[in-house]
Amino acid sequence: SEETVTLLEQPVADHAQGMRMAVDLLTDSENGVIQDASAIAAIGHRVVHGGETFRDPVRIDDSVLEGIRANIPLAPLHNPAGLAGIETARALFADTPQVAVFDTAFHATIPAEAYLYALPYELYEELGIRRYGFHGTSHRYVTRETAEMLGKPLDQANLITLHLGNGALSYLRQELARLGDFFTARASGDAAPLFADGGLPQRGAVADLDSAGLDAFSKEFLAQ
């Protein structure tokens with residue numbers, strides 16, 4: 001059959017309006033692919049930053065929204081947009097189960113000696129400035145697919161995975177996760193998806209430090 005393409009061009013004020021437009025297209029009486037919103041069985045949301053709050057996918061409720069909101073300082077460009085999409089979806093699909101999956105969750109087992117910066121410890125305690133690791137949904141998928149292709153159980157597949165392409169980190173330091181036994185030994189994705197190059201920690205030098213961590217620190221410092 002001949003393929004029909006629906007092209008809609010109009011300004012989109014924000015993420016909420018964009019999601020409403022998408023739902024309108026999906027349920028359009030002539031060109032839509034579902035009859036109405038009740039045809040959607042479940043909705044998944046990718047959220048960039050779960051901080052130390054979220055280590056696994058969670059069913060969304062008001063407390064989850066507050067947790068995502070609390071991590072906005074760690075992902076000021078991403079989490080607000082994710083919240084807007086979630087809140088709009090909850091309004092449009094009030095009776096549909098919705099789940100949040102966090103980019104940082106896959107790297108939740110990074111040990112303290114790898115995720116702490118050579119900074120005063122109170123910056124971690126008070127502001128959450130540390131390495132987190134990103135693109136975990138991508139790493140998890142690639143890991144599972146590779147283990148299956150190799151014919152190995154996932155817990156026996158010792159792999160190095162690289163997230164390349166859109167979202168890859170600069171300076172040829174694309175996110176590197178050394179995986180084994182579900183353990184991320186060191187992730188080059190830091191506090192937020194922006195990387196500042198450095199070197200080894202030494203006297204008077206913090207070494208690799210995410211510039212988003214500096215932004216969070218400066219805002220807190222200036223507010224005092």
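Reader: What should I know before reading the values?

Author: This is a predicted model, in which local features need pLDDT of at least 70 and side-chain atom pairs count only at pLDDT 80 or more, while totals for chains, interfaces and linings use all residues. Residues are numbered from 1 along each chain as its sequence is written, and side-chain values use heavy atoms, with hydrogens and water left out.

Reader: Which residues make up the largest nonpolar core?

Author: In soluble globular proteins, nonpolar side chains tend to be buried together. A nonpolar core is a set of buried Ala, Val, Leu, Ile, Met, Phe, Trp, Tyr and Cys residues joined through side-chain atoms within 4.5 Å, where buried means under 20% relative accessible area, exposed over 50% and partly exposed in between (1.4 Å probe, protein chains only). Here the largest one has 11 residues, namely Val 47, Phe 54, Ile 60, Val 64, Leu 65, Ile 68, Leu 83, Ile 86, Ala 100, Phe 102 and Ala 105. At least two residues of this core come from each of helix H2 (62-70), helix H3 (79-92) and strand S3 (98-102), and H2 gives the most, with 3 residues. Helices (H or I, at least four residues) and strands (E, at least two) are DSSP runs, numbered from the N terminus.

Reader: How many aromatic pairs are there, and how is one described?

Author: A pair of aromatic rings is described by the distance of the centres and the angle of the planes. Rings of Phe, Tyr and Trp (its six-membered ring) pair if their centres lie within 6.5 Å, and planes under 30 degrees apart count as stacked, over 60 as edge-to-face and the rest as tilted. The structure holds 3 such pairs. Phe 54 and Phe 102 are stacked, at 4.4 Å centre to centre with 0° between the planes, and they link distant parts of the chain, 48 residues apart. Both of these residues are buried. The rings of Tyr 121 and Tyr 124 have centres 5.5 Å apart and planes at 55°, so that pair is tilted.

Reader: Are Tyr 121 and Tyr 124 buried or partly exposed?

Author: Tyr 121 counts as partly exposed because its relative accessibility is 46%, whereas Tyr 124, at 15%, counts as buried. Ring pairs link Tyr 115, Tyr 121 and Tyr 124 into a cluster.

Reader: Is Ile 160 buried or exposed?

Author: Ile 160 has a relative accessible area of 59%, so this residue is exposed, and its place is in strand S4 (residues 159-162).
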